[in-house]
Amino acid sequence: MSRLPRTLLYLVFAVILLSGSFPVGEPAIGVNWGTISFHRLKPSTVVDLLKDNKIKKVKLFDADPDALTALVGSGIEVMVGIPNEMLAALSSSTDASDLWVRQNVSRYVFKGGADIRYVAVGNEPFLTSYSGQFQSFVVPALLNLQQSLVKANLAGYVKLVVPCNADAYESSLPSQGAFRPELSQIMTQLVSFLNSNGSPFVVNIYPFLSLYGNSDFPQDYAFFEGSSHPVTDGSNVYYNAFDGNFDTLVSALNKLGYGQMPIVIGEVGWPTDGAVGANLTAARFFNQGLINHVLSNKGTPLRPGFPPMDIYLFSLLDEGAKSVLPGNFERHWGIFSFDGQAKYALNLGLGNRLLKNAKNIEYLPSRWCVADPFKDLTNVANHLRIACSVADCTTLDYGGSCNGIGAKGNISYAFNSYYQLQMQNAQSCDFDGLGMVTFLDPSVGDCRFLVGVTDHKKSLAFRPTHRKTTIWISILWWMWFFLMS
Ligand SMILES: *[C@@H]1O[C@H](CO)[C@@H](O)[C@H](O)[C@H]1NC(C)=O
Ligand SMILES: *[C@@H]1O[C@H](CO)[C@@H](O)[C@H](O)[C@H]1NC(C)=O
Ligand SMILES: *[C@@H]1O[C@H](CO)[C@@H](O)[C@H](O)[C@H]1NC(C)=O
């Protein structure tokens with residue numbers, strides 16, 4: 001190496017050292033592990049899935065003892081969560097925060113225990129649709145919990161953070177970013193708290209929702225392959241929504257005097273079902289583009305060379321019991337289906353070229369509930385409504401993977417979802433004699449009729465079925481289905 005480049009190298013190094021508090025190093029790819037599912041995998045199966053995929057960071061939405069126990073000794077870094085509903089109690093009493101820390105952090109943090117590194121205090125507590133009901137509790141809860149961590153001797157190791165939705169800030173141009181006016185006092189207190197404790201700002205960014213909620217949104221701007229509609233902001237040009245959103249936050253932090261604060265992406269991802277723009281191809285395109293972009297260390301125009309510190313993909317698994325208030329896609333964010341099977345090819349940049357499926361899944365027996373082809377189904381509407389009000393039928397709607405399977409297919413799909421939810425209890429396939437159990441997989445094309453997994457929290461009560469006759473009826477049903485479709 002000649003002298004000049006070496007001097008330059010030192011210079012660059014010195015500039016990086018002097019440039020403030022940016023964390024130097026590769027961003028890490030982690031995942032969110034949500035559990036609002038009808039068919040929950042054993043926590044140890046999920047932890048094995050994380051390990052097999054070399055995922056070293058996981059974010060939870062609570063402090064579920066089963067999940068944390070399964071994470072003990074795994075070496076995986078954990079962010080535990082405090083639901084918004086608990087913030088009021090934690091903000092009003094240090095006894096409550098002491099107890100929370102004892103029960104949900106201290107208990108697991110020991111040599112060889114669960115490596116809890118962050119506590120997420122609330123989940124998007126400033127979301128506009130909550131109309132401010134949680135926001136006044138956030139800072140007081142943080143202060144109480146910090147005191148409790150200090151008492152427990154964990155304050156140096158476990159950091160408090162507050163995952164915010166990107167609706168906490170706004171602007172048409174990234175350089176003009178500012179927090180919502182009504183949050184300005186809270187945000188000032190929050191970022192000053194984060195800064196004094198060495199915590200990052202955690203934000204959830206969803207280009208999918210921008211596309212879903214706005215028909216004028218240029219589709220290619222949601223992805224990472226360049227855009228025919230770039231956003232020009234002074235001398236900076238933005239080619240994707242993610243960077244634009246990230247820099248809007250950087251500007252908002254900068255206005256409060258914390259333009260250097262490390263940023264972690266708490267949630268980012270793309271759903272695969274339940275809406276027109278939600279499909280396997282788009283999800284793969286987005287997530288792979290995102291991972292490659294972040295791992296390239298290019299950063300954004302306002303933070304060149306400094307990508308987010310960590311990103312947590314949303315989500316690890318589909319959660320079929322989530323509220324569909326935001327849209328049917330809400331149950332389909334997983335890079336894995338509910339049973340830990342990879343939905344598409346994805347290189348997480350962690351060492352494996354492809355996702356590895358969960359192993360040793362304990363499925364219920366291979367049987368499904370479908371509409372009996374020999375019955376008059378004219379009065380089925382009520383059964384359908386009830387089945388779909390408790391079980392998941394979101395793939396049947398417009399934009400879903402089962403939308404084209406016809407009226408009878410719809411009925412069978414709903415019957416089966418309900419039957420699996422009821423752990424294949426024989427009576428749950430009755431529907432006043434309109435349902436029947438089949439041993440032949442009724443899945444059609446991309447439309448998957450699921451088989452549940454054994455839920456370790458419920459006891460299973462199987463009733464013997466008349467297997468031979470059912471097989472015959474199954475075959476007849478199957479033939480009929482094909483003749484009719
Ligand atoms: C610990 O966390 C769990 C799960 O989030 C919660 O149910 C429990 O109430 C927490 N403990 C305390 C003392 O708040
Ligand atoms: C998948 O979604 C993308 C946009 O998110 C859309 O452009 C594409 O047409 C969709 N593909 C299918 C097969 O629906
Ligand atoms: C099947 O159900 C979905 C969702 O309710 C509906 O959009 C679709 O039109 C139904 N198909 C038929 C053929 O009735």
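Good morning. By class, three nonpolar residues, two polar residues and one charged residue make up the shell around ligand 3. Here Ala, Val, Leu, Ile, Met, Phe, Trp, Tyr, Cys and Pro count as nonpolar, Asp, Glu, Lys and Arg as charged, and the others, Gly among them, as polar. The residues surrounding ligand 3 are Leu396, Asp397, Tyr398, Gly406, Ala407 and Asn410; a residue is near a molecule if its C-beta atom, placed from the backbone, lies within 6 Å of it.

The model is predicted: local features need pLDDT of at least 70, side-chain atom pairs count only at pLDDT 80 or more, and totals for chains, interfaces and linings use all residues. Residues are numbered from 1 along each chain as its sequence is written, while chains are lettered from A and ligands numbered from 1 in the order in which they are written.

Ligand 2 has Gln219, Gly277, Asn279, Thr281 and Ala282 around it. That shell holds four polar residues, one nonpolar and no charged.

I turn now to the sheet. Nine strands form an open sheet with parallel pairing, in the order β5-β4-β3-β2-β1-β15-β12-β9-β6. Since β5 (159-161) and β6 (164-165) stand at the edges, each has a single partner strand, so one side of each is left without a neighbour in the sheet. Strands (E, at least two residues) and helices (H or I, at least four) are DSSP runs, numbered from the N terminus, and two strands pair if DSSP finds at least two bridges between them.

Let us follow the chain through part of this sheet. Strand β1 (residues 28-33) pairs with β2 (residues 57-60) in the parallel sense over three bridges, and Asn32 has Lys59 in β2 as its bridge partner. From β1 the chain passes through helix α2 (residues 43-52) to β2 in a right-handed β-α-β crossover. Right-handed means that, with the strands pointing away from the viewer, the path from the first strand over the helix to the second runs clockwise.

Between β2 and β3 there are three bridges, again in the parallel sense, with Lys57 opposite Glu77 in β3. Helix α3 (residues 65-71) carries the chain from β2 to β3, and this β-α-β crossover is right-handed. Strand β3 (residues 77-82) in turn pairs with β4 (residues 115-121) in the parallel sense over six bridges, where Val78 stands opposite Ile116 in β4.

Thank you for your attention.
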